[in-house]
Amino acid sequence: MGNFRVPVKLGFCRGMSCEGDRRYDSRSSTQLLHSQVSQTTQMTTTLRYGDRHVLELNLPADRLIARCGLADAPVLTDVTAATASALAAPLDFPPLARAVVPGDHVVLALDHDVPRGREIVAALFDCLVAHDVNPTDITLLTVAPLHSAGDLRDLLPAAYRDQATLAVHNPDARDQLGYLAVGADDDPIYLNRLLCDADMVVPIGCLRCEPAIDYHGMYGGLFPTFSGRAAQDKLFARVLTHAQREEARSREKIQEVGWLLGVQFTVQVIPGPAGEVLQVLAGNANEIFRQGQAACQRAWSTAVPRAAKLVVAAIDGEASEQTWDNMARALTSAIRLVAADGAIALCTSIAHPPGPTMKQVNEMSDRRGALKSLRRHRAADSLPAVALAEALAQTRIYLLSELEESVVEELGMTPLANAAQLARLADQHASCIMLSNAQYAVATVDGQ
């Protein structure tokens, strides 16, 4: 194996044969792999990462176990139009225009990391205003991103920017919170006051395959997203125990909050590759979740025959996709596929420096103790910090990014300077799995 050289090419995808063309074969990645194996003993495979970067590897067929994370549905070319159509004919719900009357105060609750969220918000504004809801009665409620690339007011459609209200939730601002009710566990429930006072709340979220790290179901975009710090910490600690009983309790709590708030209508997207959208669903929350989960599983769920010594996981998409939270999701997907004494190579264009919580992970000699400490309090970067600590406790991690090598090393990962280094790394491992769009894909090993 050591004498085999892996040709590698890094550049921009121009040809139709590249995975990044966005025209995906309807067959599964396993079927594609088997059909190619029958024709040649060498396999050329491409992996998109970052903003249009392409990694190309030539591997012997018996070393490339599978390619995962290739969605088998076309992406939407006009997300605004697709959202408008979904609002006009919702699932198991009257058209949105019949659910509001002039004078209603409507809050659009935009969860974090919703692909093409700006266009979805624009379609909702157009629909509401066209049916006599005054823009001054519409509030867009969102959360501050960890690394803001611009003015959050750009999320508001230009036509209504001077009339509508943009509110950014702060879980530490007690004056922003309103009392909703006492939950079944006898704990009082506090949410952003705007949600409690609204005549209609429309959650806007991103569906993800279950199980997926930090995904809490159809009302997870409301609670704990727009709750206070104490509630966020409590739910975060429960989920990270990985105990089914605790996870079930958290789901019940989130469902209860949605019911108490009276939310019936929601808008959810099924994510596509590179930050695109496969489908926009609107309507009854229960029906959206049922159909949406099925669609997500069809698009993003894959089974592979066995684990691999090297899992190459990529985060595809522009800057909005190159986040540490998406790195956490990619790591969680990749760790399920790596064999004992194996390694994970993350291909990203992450440029933002890690937060302080992440930096603490490698400084703690006892990673189990570090995890226990991290679970006590949720900071802005706790999700990637926990995912990284758990992964480092199990395997070695390499990172291709736009960060300085010293920054990557401080996190306990091994930096990759370029695609050629990744090619040499692949040459040193007896088996490999390529995981595209690792922030969305959920792959499992058969029988596990």
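In which helix does asparagine 326 lie? I opened the predicted model with this question and found asparagine 326 in helix 8, which spans residues 324–335.

**Entry on asparagine 326.** I then listed its contacts, leaving aside residues up to four places away in sequence. Asparagine 326 touches Ile315, Glu321 and Gln439.

**Entry on asparagine 437.** I looked up asparagine 437 in the loop between strand 18 (432–435) and strand 19 (442–445). Its phi is near 45°, a positive value in a residue other than glycine. Asparagine 437 has a relative accessibility of 1% and therefore counts as buried.

**Entry on aspartate 113.** Where is aspartate 113 found? I located aspartate 113 in the loop that runs between strand 5 (106–110) and helix 3 (117–130). For aspartate 113, too, I noted a positive phi in a residue other than glycine, here near 60°. I checked the accessibility of aspartate 113 and read a relative value of 26%. Since that value falls between the limits of 20% and 50%, aspartate 113 counts as partly exposed.

**Entry on proline 224.** Proline 224 is found in the loop between strand 10 (200–206) and helix 5 (229–239).

Notes: Residues are numbered from 1 along each chain as its sequence is written. This is a predicted model: local features need pLDDT of at least 70, side-chain atom pairs count only at pLDDT 80 or more; totals for chains, interfaces and linings use all residues. Side-chain values use heavy atoms; hydrogens and water are left out. Helices (H or I, at least four residues) and strands (E, at least two) are DSSP runs, numbered from the N terminus. Contact means heavy atoms within 4.5 Å. Buried means under 20% relative accessible area, exposed over 50%, partly exposed in between (1.4 Å probe, protein chains only).
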